[in-house]
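Here is a friendly note to read with the model open beside you. Please follow the points in order and look up each residue as you go.

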Amino acid sequence: MKRSWLALLLLLPFLLVFGAFQLAPLAWIALNSFQASDGSWGLANYGEILGSPFYLQAIRLSLEISLWSSVLGLVISLIGAYSLTRVESRLRGFVVAFTNMTSNFAGVPLAFAFIILLGINGCLTLALQRLGLLESFNLYNRGGLILIYTYFQIPLGVLLLLPAFEALKQDWREAAALLGAGTWQYWRHIGLPVLSPALIGTFIILLANALGAYATVYALTSGNFNVVPVRIAALVSGDIDLEPNLAAALAMLLVAFMTLITLVHQWMLRRSRHVQN
C-alpha cells in the first residue's frame, strides 16, 4: 500500500504537466468551439464550416495529403525497416542514428531544402530539364506537398517499425519452413498478423503527424495553400478577420477525426487478439 502511494506521488508532477498542457487546452478549445462570434452558444461554427466550400476544400486537401503521404511513408518505411533487420549490426546502428537525426528535419529547413532542390529554379529541377528527363514540375501544388510530407514521414515510420521487425524471431521462419510453408505463407499467416498492430499504430501516428504539420506548408507556399492548419493559423493570427472560435471548431473536427481513427485501431487490435487467442 505504501509503495502504491509513493508511485502515485511520483506520478503527480507528470499528471499536473499533462493536465496543464494537454487536457486544459483541449477543454478550452472544445468549449470555445461552441461559442459564436456574437457571443451566443450553439453549433453555428460547425455549421459555417460544413456549409462553406472553402473550409470543406481545406479539410479535403488536408485529408488527401495526409492519407497519401502516410500510406506512401508507411510502405517505404516498411521496406526500409525490413531491410535494416537483414544487414549487419554496425551498418544498422549507423542508419538508425542517421534516421533518428533526419526525423527532426522538418518545418522551415525542410521546405527551404526542397525549394533549393526541386523549386522552379532548383538545381535538381534545372539539371533534369537540361537532360530532357523532366519537362515541368510544380513543387507548390498538392503533388509537391505529398512528396515533402512523405519525405519527413519516412524516418519516423522506420523508427516506429524497426522494433516490430526485430520482434520477429528467426525460429518462427525456420519452423514454418520445416512445416512446408513458403515465404508468402509465412508472411500471410505469421509475419503480417504479428506486425499488424505496429503497422496500424504507425499509420495513425503518421496520419496525425501530417494532419498537424504547419511550418513546412506555410514556409513553402507562404500560407497560400488551403489546408486546415493554415486556415486555423489565419483565423487566430491573420491580418483581415480574427475568429478564434471558428478556428477552435476546425481544430475539434481534426480531433474528432483522429479520435475516430484511434477507436477503429483499438477495435481492430481487440479483434486480432481475439482471433489469435
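1. Start with R60, which counts as partly exposed at 39% relative accessibility (buried means under 20% relative accessible area, exposed over 50%, and partly exposed in between, with a 1.4 Å probe and protein chains only). The side chains of R60 and E64 form a salt bridge, 3.3 Å from N to O (a salt bridge is a side-chain nitrogen of Lys or Arg within 4 Å of a carboxyl oxygen of Asp or Glu). Because R60 and E64 are 4 residues apart in helix α3 (residues 53-84), about one helical turn separates them. Helices (H or I, at least four residues) and strands (E, at least two) are DSSP runs, numbered from the N terminus.

2. A word on what you are looking at: this is a predicted model, in which local features need pLDDT of at least 70 and side-chain atom pairs count only at pLDDT 80 or more, while totals for chains, interfaces and linings use all residues. Residues are numbered from 1 along each chain as its sequence is written, and side-chain values use heavy atoms, with hydrogens and water left out.

3. Now return to E64. Its side chain also meets that of R142 in a salt bridge, at 2.5 Å from N to O. This pair links distant parts of the chain, with R142 in helix α7 and E64 in helix α3, 78 residues apart. R142 is partly exposed, at 39% relative accessibility. How many salt bridges are there by this rule? The count comes to 2, and R60, E64 and R142 are linked in a network.

4. Stay with α7 (residues 142-166) and look at how helix α5 (residues 108-118) packs against it: the angle is about 125° and the axes are 11 Å apart. Axes here are lines fitted to C-alpha atoms, for helices over the stretch in contact, and angles run from 0 to 180 degrees between N-to-C directions. The two helices, α5 and α7, are therefore oblique to each other (under 35 degrees counts as roughly parallel, over 145 as roughly antiparallel, 65 to 115 as roughly perpendicular, and the rest as oblique). L110, F114 and L118 in α5 meet L147, I148, Y151 and F152 in α7. The residues of this contact of α5 with α7 comprise 7 nonpolar, no polar and no charged (Ala, Val, Leu, Ile, Met, Phe, Trp, Tyr, Cys and Pro count as nonpolar, Asp, Glu, Lys and Arg as charged, and the others, Gly among them, as polar).

5. Leaving aside neighbours within four places in sequence, G157 is in contact with S77, T202 and L206 (contact means heavy atoms within 4.5 Å). The C-alpha atoms of G157 and S77 are separated by 5.2 Å, although these residues are 80 apart along the chain. T150 is also placed in α7 and counts as buried at 7% relative accessibility. Beyond its neighbours within four places in sequence, T150 touches S69, L72, G73 and I76.

6. Is V108 buried or exposed? V108, found in helix α5, is exposed, with a relative accessible area of 51%. Setting aside neighbours within four places in sequence, V108 is in contact with A215 and A219.

7. Helix α9 (residues 183-211) is another partner of α7: their axes come within 10 Å and cross at roughly 140°. That makes α7 oblique to α9. Among the residues making the contact are F152, L156, G157 and L160 of α7 and L199, T202 and L206 of α9. In total, the contact of α7 with α9 has 15 nonpolar, 4 polar and no charged residues.

8. Finally, compare helix α8 (residues 170-178) with α9. Their axes come within 11 Å and cross at roughly 160°, and α8 and α9 are therefore roughly antiparallel to each other. W172, R173 and A176 of α8 make the contact with Y186, W187, I190 and V194 of α9. The residues of this contact of α8 with α9 divide into 6 nonpolar, no polar and 1 charged.
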